[in-house]
Amino acid sequence: MFNTQSPVPGDLPSSKQLLRSTVIAAAAAAAILVTVVLPSEYGVDPTGVGSAMGLTEMGQIKTQLAEEAEMDRVKATTPSQPVPAQEGSTLLDRIVHEFGISSAQAQEMRQDEMSVTLQPGEGAEIKLAMVKGAKANFSWTANGGKVNFDTHGDGGGENISYEKGRGAAEDSGVIVAAFDGNHGWFWRNRTSSPVTVTLKTDGAYADIKKMM
């Protein structure tokens, strides 16, 4: 058996020393909260240290993306205006009815160019009417500015997000419609100046329009 010696009173920290250590730890935690956590997570920078370290911008971006994600969630859960059902109708028929075009036109290749100007804080959406499996090439530019964007689709009770980005000056690629419906882009201007987004498309889609 090992005999352990009881600590000598002089070896134990005094109440004053314990209080001092607690105060120092609390002060250090408060300093980290104010200079690091608040700027990097919430974009709040009361001391200015976060801005100098680049943390405030990170927190502002996180806050913006969280707000936009909540807006997208609310939008996705909001029931859309129902389309009157017709005997023998299909999702393609509904697209044709909505855009006022023929079924043959829905399969044709076409090219379009459209621009939209966004004021600070404003968002806009442009969609293509496409059938499942149809492809459309696209390219858009913010004409010297930057925007946050979400490339997505919806229709027939389905929703999909193809790509998201923030602070982007341009993007290009191919949309392959995952289902019959509307497929396109939502942009939001988070800068302090107006931004004009110019979109160019070509491919198999029935129509293109700015969504209200």
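In this predicted model, strand β7 sits well inside the fold: eight of its eight residues are buried, so β7 is largely enclosed by the rest of the structure. On one side, β7 is joined to β2 by eight bridges, and the two strands run antiparallel. Within this pairing, Gly-123 stands opposite Arg-188 of β7. Seven bridges join β7 to strand β4, which covers residues 147-155, and here too the strands run antiparallel.

An open sheet of five strands runs in the order β5-β4-β7-β2-β9, with antiparallel pairing. Its edges are formed by β5 (158-168) and β9 (208-211), each of which pairs on one side only. From one strand to the next, the twist averages 20 degrees.

Seven of its 10 residues are buried, so β8 is largely enclosed by the rest of the structure. Strand β1 (residues 109-118) pairs with β8 in the antiparallel sense over 10 bridges, and in this pairing Met-114 stands opposite Leu-199. Strand β3 is joined to β8 by six bridges, and these two strands also run antiparallel. Here Thr-141 stands opposite Thr-198 of β8.

The model contains four aromatic pairs. In one of them, the ring centres of Trp-140 and Phe-149 are 5.3 Å apart and the planes lie at 70 degrees, so the pair is edge-to-face. Both Trp-140 and Phe-149 are buried. Trp-140 also forms an edge-to-face pair with Trp-187, at 5.9 Å centre to centre and with 75 degrees between the planes. Trp-140 lies in strand β3 (residues 135-141) and Trp-187 in strand β7 (residues 181-188), so this pair ties together parts that are 47 residues apart in sequence. With a relative accessible area of 0%, Trp-187 is buried; Trp-140 also counts as buried, at 2% relative accessibility. A single aromatic cluster takes in Phe-138, Trp-140, Phe-149, Trp-185 and Trp-187.

The surroundings of Trp-140 reach beyond these rings. Leaving aside neighbours within four places in sequence, its contacts include Val-147, Ala-168, Ala-169, Glu-170 and Asp-171. Val-197, Thr-198 and Leu-199 are also among the residues that Trp-140 touches.

In soluble globular proteins, nonpolar side chains tend to be buried together. In this model, the largest nonpolar core has 25 residues. Those with the most contacts inside this core are Met-130, Trp-140, Trp-185, Trp-187, Val-197 and Leu-199. The strands β1, β2 (123-130), β3, β4, β7 and β8 each supply at least two residues of the core.

For the chain as a whole, there are four helices and nine strands. Read along the sequence, these elements follow the pattern α-α-α-α-β-β-β-β-β-β-β-β-β. Of the 212 residues, 32% count as buried. Among contacts between residues at least 6 apart in sequence, 73% join residues at least 24 apart. The chain exposes about 13,200 Å², and carbon and sulfur atoms supply 56% of this area.

A last stop lies in the helical part of the model. Asp-45 is found in the loop between α1 (15-42) and α2 (49-53). At 19% relative accessibility, Asp-45 counts as buried, because the cut-off is under 20%. Asp-45 and Thr-35 are 10 residues apart in sequence and 7.0 Å apart in space, C-alpha to C-alpha.

Methods:
Residues are numbered from 1 along each chain as its sequence is written. This is a predicted model: local features need pLDDT of at least 70, side-chain atom pairs count only at pLDDT 80 or more; totals for chains, interfaces and linings use all residues. Side-chain values use heavy atoms; hydrogens and water are left out. Buried means under 20% relative accessible area, exposed over 50%, partly exposed in between (1.4 Å probe, protein chains only). Rings of Phe, Tyr and Trp (its six-membered ring) pair if their centres lie within 6.5 Å; planes under 30 degrees apart count as stacked, over 60 as edge-to-face and the rest as tilted. Two strands pair if DSSP finds at least two bridges between them. Axes are lines fitted to C-alpha atoms, for helices over the stretch in contact, and angles run from 0 to 180 degrees between N-to-C directions. Contact means heavy atoms within 4.5 Å. Accessible areas come from the Shrake-Rupley method with a 1.4 Å probe; for residues, only the protein chains shown count as cover. A nonpolar core is a set of buried Ala, Val, Leu, Ile, Met, Phe, Trp, Tyr and Cys residues joined through side-chain atoms within 4.5 Å.
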